[in-house]
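Please read them beside the coordinates.

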Amino acid sequence: MSSLHLGLIFLAVILVGATIFNRKKRSQAVPLPPGPQGVPLLGNLPWFLCNSNFIWLKFTELAQFHGELIYLNLAGKSVVVLNSAEAAFDLLDQRGSNYSNRPELIMASKILAGGVHIGFVPYGILWRKLRKAVHFGLNKKSAEAYFTIQEQETKVLVRRLLKAPDEWHGHFNLLAASTILSIVYGVPYSLSLDEPHIRKIYQFMEHMLHAAVPGNYLVDIFPFLNRLPPWLARFKQEGLKAHQTYTDLFVSLLESETNKSYRNLSFAASLSKNEKDLGLTIKEKAWLAGSLFGGGSDTTASVLSVFMLAMILHPHVLKKAQAEIDQVVGKARMPCFQDQGNLPYIGAIMKEALRWIPITPLGLARSSNDPLIYKGHYIPGNSIILTNVWAMNRNPDVYHNPTEFIPERYLSSDNKREIRPKYTREGTHAFGFGRRVCPGSNIANNTLFITIATMVWGFDITLSDPSHPPSMDSLMDNGAVLRPCPFKCSLSPRPHTESTVSKLVDE
Ligand code: HEM
């Protein structure tokens, strides 16, 4: 389970007493959703601690007995797990005003991020302003402005893969980080993850993750500690100092875009252009741009690793995709966004990669405001709400043979019509639900499409050691996203790749 979720849940658990009393006041007539049997006082906390590794798998098992809603009582704190797409849609989409908050993390969100990180900000005025700004810069139409950057990045990727194919894992990390930096700040493509600004942003991300891990900061266990003045509380002094360092970093990155190439295209430039309309302070703008890197780098790279795993385990899918791409793109040029409408199978592979191994299997935790009765169950106010995307994506009533990688499930039999399962957004649950749905989904989809198309066009991807195929179960959870562990595979350029690319790329 991601540290972020654990953190959100753990600190909420500490607020034992008040919640126990609230529950006693609840009308006994309406039952809570079903869930595992708890123990006195601690409820399901012992179960939770024993099962916290890859906990979405346990939730998915429980869902087979209990159904679409599971209730856990963690020492008095309510956690409700939504296992069906319908429940997620009914609550998070249809009743968005009640389910668009995030649980509060004092150290990570309030102190380190100074209350301005879009992913943690409470549902309210500031969140709306930040979302409006992101929408301006990253909506479907605006995202088209970044096509050139994304195409350029894939050309550089192929060059790197030709030189060092075994390092594909790192090349994907670099592609994802570099693309998002170019889009956000207008800096040209990055040569290495060791570039100082990239290293500093990764340090920031690690710090945020660390702050979100249960028990790392006492203030999240005893919130009253946050009332202490900084001179009495070392964690606060250090946290505020780090906040200032990150603010300086993000402000300098934001301002540096004005001197770089691609500048008119960048998200930062769109913030400047729409300054009056958006009404954001320099600090809010700087943090908004900075937080997009965290949202968009590891996530995109992880889905690309899932794609690689799918290709080596399902060679017939790669063959079929190569046939499509050879017919539409040919060998004398690389794929581009104009081909997208003619590459339905590549689009279906992308959707299937997002479904097969959802890299955020529990979405990002929400918090409810008021209590609600849903399908005869009482969902308490101030509950933590988790969306079990893993279970939704493996529902056999929606996806036949759900553990298999079958891109065809997203296409009509003549390959002409796209199929979007009910309650999905554009065919997937990967980007979340309702008002807090991922605002970077257009950018992510575009990067995924062009990279997958390029890989299929340029390389044969096979198992290096057929006697030891990597298992689709060998996944690692780095605290924020799920990703297949790095594995060996053989990436051989197709006969046309080197000659075509050498004519195009000038790194
Ligand atoms: C494949 C790649 C990606 C995946 C799977 C993904 C997934 C998600 C999910 C599940 C959420 C939580 C949504 C919810 O609460 O229902 C989220 C939020 C967010 N994502 Fe993404 N994301 C991806 C790429 C990106 C990119 C490229 C960006 C930026 C350009 C981005 C920026 C954000 C931000 C800022 C939020 C917080 C939104 C809020 O709380 O209002 N993500 N993402």
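1. The shell around the ligand draws at least two residues from each of helix 7 (125-138), helix 15 and helix 19, helices here being DSSP runs of H or I with at least four residues, numbered from the N terminus. Helix 15 gives the most to this shell, with seven residues. Of the 27 residues around the ligand, Gly 295, Gly 296, Gly 432, Cys 438 and Gly 440 come nearest, where a residue counts as near if its C-beta atom, placed from the backbone, lies within 6 Å of the molecule. The shell divides into 15 nonpolar, 10 polar and two charged residues; Ala, Val, Leu, Ile, Met, Phe, Trp, Tyr, Cys and Pro count as nonpolar, Asp, Glu, Lys and Arg as charged, and the others, Gly among them, as polar.

2. On provenance, this is a predicted model, in which local features need pLDDT of at least 70 and side-chain atom pairs count only at pLDDT 80 or more, while totals for chains, interfaces and linings use all residues. Residues are numbered from 1 along each chain as its sequence is written.

3. The largest nonpolar core has 104 residues, of which Val 184, Ala 289, Phe 307, Ile 346, Ile 349 and Ile 452 touch the most other members. Such a core is a set of buried Ala, Val, Leu, Ile, Met, Phe, Trp, Tyr and Cys residues joined through C-beta atoms within 7 Å. Helix 15 (residues 282-313) gives the most to this core, with 16 residues. Apart from this core lies another, of 36 residues, including Ile 55 and Ala 365.

4. In helix 16, the buried residues are Val 317, Ala 321, Glu 324 and Ile 325; buried means 20 or more other C-beta atoms within 10 Å of a residue's own, exposed 12 or fewer, and partly exposed in between, with C-beta atoms placed from the backbone. These residues lie on the same side of helix 16, because they cover an arc of only 95° around the axis, the arc being that of the directions from the helix axis to the C-beta atoms. The face turned away from that buried side carries the exposed residues His 316, Lys 319, Ala 323 and Gln 327. The buried residues of helix 16 pack against helix 15, helix 17 (344-356) and helix 19 (441-458).

5. Lys 236, found in helix 12 (residues 234-256), counts as buried because it has 21 C-beta neighbours inside 10 Å. Lys 236 touches Ile 111, Leu 228 and Pro 230, not counting residues up to four places away in sequence, contact meaning C-beta atoms, placed from the backbone, within 7 Å.

Conventions
Two residues are in contact if their C-beta atoms, placed from the backbone, lie within 7 Å.
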